[in-house]
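Q: I am new to this structure and would like to be taken through it step by step. Could we start with how the strands pair?

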Amino acid sequence: MEDVKLEFPSLPQGKEDAEEWTYPMRREMQEILPGLFLGPYSSAMKSKLPILQKHGVTHIICIRQNIEANFIKPNFQQLFRYLVLDIADNPVENIIRFFPMTKEFIDGSLQTGGKVLVHGNAGISRSAAFVIAYIMETFGMKYRDAFAYVQERRFCINPNAGFVHQLQEYEAIYLAKLTIQMMSPLQIERSLSVHSGTAGDQQQSRDAENQIKNSEYTEAKTTHKNSKKNKKYEDSVRNLWDNFKHTYIHIMGMLERKRRNKKSKTYLKK
């Protein structure tokens, strides 16, 4: 793939006078980035409304499994905008599929001057994994660096092993996605040629381009040629995106097989 330089914003630095971590702080929310908070469900309970309003929270991501819905729920739907995700704190749970949705939700809030709280039950595994994924993609970071950044602000985070594996895999996925978004049509076509064509094929492609530039066509032929070129570009984007999706689908298939194997074992035990 042709080199494309991705540019990311600078990561905000921590406060020099940051409060020393103590055990009771795990029951509170912490501000990880300006306007982005991470905490347990106890920080979003009805009794905590004054604190949420004091910090200017406008959006809340509530992560819970269906069986937890009776005690982990959106308490302020008339006051805050919610995104509720049905996710179990289970190593075989597929969380990558929710990353684009949560990033769009957080970006939308921050860009309009809002503030977001991300919480699960304890604010340790599920919600921490989503905040880490957001920081990775927003600032172009590797998992281990994003984890360390979040842990400096909420020391008790501990995503389960399956979530860690998916976050590590997500490095390649989000970089590939952003690279494709940054590439021009010509770069995409050249990348496909380098990936699947020979030197002769590439020379033929360049010769064809020169013939197009040096030839004069009637208006009808020009319109026809432009239509073919647009279709070629669309096909090129589709092929390159399919190459990217191959890695993503492989990961999803592996997670689904693990889930089925676990369910089969549970059924046999019964």
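Predicted model: local features only at pLDDT ≥ 70, side-chain atom pairs only at ≥ 80, totals over all residues.

Q: Which residue in β4 is the bridge partner of Ile 63?

A: Ile 63 has Leu 85 as its bridge partner in β4.

Q: And what is the strand order of the open sheet?

A: The open sheet has 5 strands, in the order β1-β2-β5-β3-β4, and its pairing is mixed. Its edge strands are β1 (30–33) and β4 (81–86), each of which pairs on one side only. On average, neighbouring strands of this sheet are turned by 25° against each other, with direction ignored.

Q: What holds paired strands together in general?

A: Strands of a sheet pair through backbone hydrogen bonds, and the pairing is either parallel or antiparallel.

Q: How many residues lie between β1 and β2 in the hairpin?

A: There are 2 residues between them. Gly 35, in the turn, has a positive phi of about 90°.

Q: Moving on to helices: which strands does α2 lie across?

A: Helix α2, residues 99–111, lies across β2 (36–39), β3, β4 and β5 (116–119). Helix α2 runs at about 165° to β4.

Q: And which strands does α3 lie across?

A: Helix α3, residues 126–139, lies across β1, β2, β3, β4 and β5. Relative to β2, helix α3 runs at about 155°.

Q: Changing topic, how many cavities of 30 Å³ or more does a search of the whole structure find?

A: The search finds 1 cavity of 30 Å³ or more. The largest cavity holds about 30 Å³ of space.

Q: Which residues line the largest cavity?

A: The lining is formed by Phe 99, Thr 102, Lys 103, Phe 130, Ala 133, Tyr 134, Glu 137 and Tyr 170. The elements that give two or more residues to this lining are α2 and α3.

Q: Which element gives the largest share of that lining?

A: The largest share comes from α3, with 4 residues.

Q: Last one: how many of the lining residues are nonpolar, polar and charged?

A: The lining of the largest cavity divides into 5 nonpolar residues, 1 polar and 2 charged.

Definitions and conventions
Residues numbered from 1 in each chain as written. Heavy atoms only, no water. Pairing = 2+ DSSP bridges. Axes fitted to C-alpha atoms, helices over the stretch in contact; angles between N-to-C directions. Contact = heavy atoms within 4.5 Å. 1 Å grid on protein atoms, 1.4 Å probe; cavity = no way out; pocket = protein on both sides within 12 Å on 5 of 7 lines; lining within 4 Å. Points joined across faces, edges and corners; volume = space filled by probe spheres on them. Nonpolar A, V, L, I, M, F, W, Y, C, P; charged D, E, K, R; others polar.
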